Amino acid sequence: MAYKFIDNYRERGARKKLVEHLKGRGIEDQKVLEAIAKVPRHFFFDETFWNQAYRDIAFPIGDGQTISQPYTVAYQSELLHVKRGDKVLEIGTGSGYQTCILLELGAEVYTIERQENLYQRTTQVLPYMGYKANFFLGDGSKGIAEHAPYDKIIVTAGAPFVPEIMLKQLKVGGIFVIPVGDEKSQKMVTIIRVGENDFDRIELDTFRFVPLVGDQAW
Ligand code: SAM
């Protein structure tokens, strides 16, 4: 497959403006902002829509799915407090944009997508861009037990509840970020595993994600 990957001053300039916009919306983590400034988001768009790539909006990527809004990606990434070498599980690879941000933050990423077309595309596009992740195809609502435990878990689709099975895959001291609610809106939930059977839960702002579909989901 041929991809057109050109990153020139126009796109780099648009990314700088996006970073300023995200700072204005309250994103403070310098490493997250640097990652946003680095990852060429337009590579995840058809060339016809490159002029949309650095607007702070979600955008269709086919198969009824979306590339998340940059603010949402920055918001979730900030909550994860990724440290270099962290083992991070991402549920909902989608376009792979969030995966690249996690890789730029120094994470070792395990990412799972249930839609085969999207999985096929990211397994080709990300390595082509120079990003190495561990890709899986399947129902991520159960996590990926074979590779657990994880330092961090991020879910990028809206869940009806927190899947218990995923909590067990988190290291003690680990952070889990998941949007939870109904089909129309979800609260961003952060859970910290403070002990073997002890979890701290914080509910934050409201978002609207595509649904998490699966055994432990919708
Ligand atoms: N992080 C993505 C990005 O940066 O483009 C955005 C992902 S999109 C908002 C949510 C993704 O979750 C969709 O691609 C959808 O197919 C996927 N998804 C939904 N339920 C899933 C499940 N049970 N397991 C894995 N992926 C799932």
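1. Ground rules. This is a predicted model, in which local features need pLDDT of at least 70, side-chain atom pairs count only at pLDDT 80 or more, and totals for chains, interfaces and linings use all residues. Residues are numbered from 1 along each chain as its sequence is written, and side-chain values use heavy atoms, with hydrogens and water left out.

2. Overall fold. The protein chain has six helices and nine strands, taken as DSSP runs (H or I, at least four residues, for helices; E, at least two, for strands) and numbered from the N terminus. Its radius of gyration is 16 Å, close to the 17 Å of the globule rule for 218 residues, so the chain is as compact as a globular protein of that length. That radius is taken over C-alpha atoms, and the rule is 2.2 Å times the number of residues to the power 0.38. The C-alpha trace spans about 50 × 35 × 35 Å along its principal axes.

3. Of the 218 residues, 52% count as buried, meaning under 20% relative accessible area (1.4 Å probe, protein chains only). Contact here means heavy atoms within 4.5 Å. Among contacts between residues at least 6 apart in sequence, 54% join residues at least 24 apart.

4. The largest core. A nonpolar core is a set of buried Ala, Val, Leu, Ile, Met, Phe, Trp, Tyr and Cys residues joined through side-chain atoms within 4.5 Å. The largest one holds 47 residues, and Leu22, Ile27, Ile36, Phe44, Tyr97, Ile101 and Leu102 touch the most other members. Elements giving two or more residues to this core include α1 (9-24), α2 (30-38), α5 (116-129) and β7 (170-181). Helix α3 provides the largest share, six residues.

5. Beyond its neighbours within four places in sequence, Leu22 is in contact with Ile27, Leu33, Ile36, Asp56, Pro70, Tyr71 and Ala74.

6. Thr99. This threonine lies in helix α4 and counts as buried, because its relative accessibility is 0%. Leaving out residues up to four places away in sequence, Thr99 touches Glu90, Thr93, Val109, Thr111, Leu126 and Ala133.

7. His81. You will find His81 in the loop between α3 and β3 (87-91). With residues up to four places away in sequence not counted, His81 touches Asp86, Lys152 and Ile175. His81 and Phe176 are 95 residues apart in sequence and 10 Å apart in space, C-alpha to C-alpha.

Terms used. Buried means under 20% relative accessible area, exposed over 50%, partly exposed in between (1.4 Å probe, protein chains only).
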